[in-house]
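User: I'd like to go through this model with you before I set anything up. Can we start with the overall picture and then look at some details?

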Amino acid sequence: MALTQQVKSELATVRAQKPETRAAELATMLRFSGGLHVVSGHIVIEAELDSGAAARRLRQTITDLFGYDCEVLVLNSSGIHRSTRYVLRLTRHGEALARQTGLIDARGHPARGLPAQLVGAGINEQVAIWRGAFLARGSLTEPGRSMALEITCPSSEAALALVGSARRLDIVAKAREVRQVDRVVVRDGDAIAALLTRMGAHASVLAWEESRVRREVRASATRLANFDDANLRRSARAAVAAGVRVERALEILGDDVPDHLRQAGLLRLSHKQASLEELGQLHDPPLTKDAIAGRIRRLLAMADKTAVEQDIPSTHAALTPEMLEDE
């Protein structure tokens with residue numbers, strides 16, 4: 001949540017110069033953060049936000065563009081609400097602002113998705129739409145396996161409109177319903193970074209990317225350590241299994257073992273957990289890894305052939321099921 005508030009605080013300082021861009025952000029914030037209420041026959045606009053900076057930006061934009069003064073209530077955390085909430089309320093000019101921002105159409109029907117004038121607006125307005133949606137109902141999780149930039153939407157139509165807006169920005173976003181709540185989610189790390197950059201959260205992107213790289217490096221190091229550890233265990237178990245087979249081979253062949261094969265076999269028995277390269281260095285004279293492996297392989301093959309001829313258990317008979325897994 002701290003990361004989300006950091007992004008919202010930064011987005012609340014982004015300067016949008018053009019009135020149409022500010023209007024797109026304003027309309028989206030109102031659509032995603034509140035609703036239209038009829039009180040004594042008059043339309044009242046209420047917008048509930050979890051960021052004081054976002055509430056101040058929304059109030060200032062309404063004043064700058066339309067000259068309306070809004071009331072802001074601060075609701076401290078209690079019950080199911082674990083954080084402070086800011087409720088912006090416009091009573092006297094609620095219907096006028098609703099019409100001017102597209103929250104209701106000419107016939108007085110409320111917008112089901114995004115206001116109609118925003119759907120086909122330009123790229124700058126699409127960026128403003130996403131900035132407004134994030135300020136109103138956005139969240140960003142820490143980089144990792146379940147990283148996501150998510151917007152809670154007021155309706156399925158609004159979610160689909162936001163997905164279409166992301167598509168125009170070359171961002172892949174998906175709409176989904178979770179516990180009867182419509183959400184739009186961006187999960188790809190590069191797409192999240194690109195979207196945050198387009199919205200204007202440059203400092204937050206740097207912090208998020210740094211955390212992302214740090215986690216990826218740590219995850220890679222852990223995977224490599226586990227991989228190396230597994231390889232070492234397999235190598236050690238394979239060496240022990242080879243030692244058991246060599247011991248059985250010497251029993252089968254008895255005195256009929258060539259000296260050079262016997263010497264290689266005895267080295268294997270004396271150093272059961274040593275690698276083939278280490279065995280080669282211990283041989284007198286030293287041998288390469290392939291040479292010592294070849295001698296042990298010929299010793300085992302000779303013993304297995306003799307076992308078949310004599311109809312007795314081969315070198316494999318001495319292995320346990322655990323050893324066979326790594327054979």
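Analyst: What follows is a short walk through the model, from overall figures to single elements.

User: Ok, what secondary structure does the protein have, and how much of it is buried?

Analyst: This is a predicted model, and its secondary structure comes to 13 helices and 8 strands. Of the 327 residues in the protein, 44% are buried, and among contacts with a separation of 6 or more, 65% are between residues 24 or more positions apart.

User: And the confidence, where is it lowest and where is it highest?

Analyst: The mean pLDDT of the protein is 84, with 88% of the residues reaching 70 or more. Confidence is lowest in helix H13, residues 321-325, where the mean is 57, and highest in H6, where it is 95. Where pLDDT is low, the predicted coordinates should not be read in detail.

User: Let's take H6 then. At what angle does it pack with H8?

Analyst: Helix H6 (residues 123-137) and helix H8 (residues 189-199) pack at an angle of about 105°, and their axes are 9 Å apart. An angle of 65 to 115 degrees counts as roughly perpendicular, and H6 and H8 are therefore roughly perpendicular to each other.

User: Which residues make that contact, and of what class?

Analyst: On the H6 side they are Ile 123, Val 127, Trp 130, Arg 131 and Phe 134, while H8 contributes Leu 195, Arg 198 and Met 199. By class, the contact of H6 with H8 has 6 nonpolar and 2 charged residues, and no polar ones.

User: Switching to H7, which of its residues are buried, and what do they pack against?

Analyst: Ala 158, Ala 159, Leu 162, Val 163, Gly 164, Ser 165 and Ala 166 are buried in H7, and the buried residues of this helix pack against helices H2 and H6 as well as strands E6, E7 and E8. Helix H7 spans residues 156-168, and its 13 residues reach 19 Å from the first C-alpha to the last, close to the 18 Å expected at 1.5 Å a residue.

User: What happens just after H7?

Analyst: Just after H7, Asp 170 takes a positive phi of about 60°.

User: Last one, Ser 83. Where is it, and what is it in contact with?

Analyst: Ser 83 lies in the loop between strand E3 (71-75) and strand E4 (85-90), and is partly exposed, with a relative accessible area of 39%. Leaving aside neighbours within four places in sequence, Ser 83 is in contact with Leu 75 and Ser 77. The C-alpha atoms of Ser 83 and Ser 51, which are 32 residues apart along the chain, are separated by 9.4 Å.

Definitions and conventions
Residues numbered from 1 in each chain as written. Predicted model: local features only at pLDDT ≥ 70, side-chain atom pairs only at ≥ 80, totals over all residues. Heavy atoms only, no water. Axes fitted to C-alpha atoms, helices over the stretch in contact; angles between N-to-C directions. Helix = DSSP H or I, 4+ residues; strand = E, 2+ residues; numbered from the N terminus. Parallel < 35°, antiparallel > 145°, perpendicular 65-115°, else oblique. Contact = heavy atoms within 4.5 Å. Nonpolar A, V, L, I, M, F, W, Y, C, P; charged D, E, K, R; others polar. pLDDT = per-residue confidence, 0-100. Expected span 1.5 Å × (residues − 1). Buried < 20%, exposed > 50% of the residue type's maximum accessible area, 1.4 Å probe, protein only.
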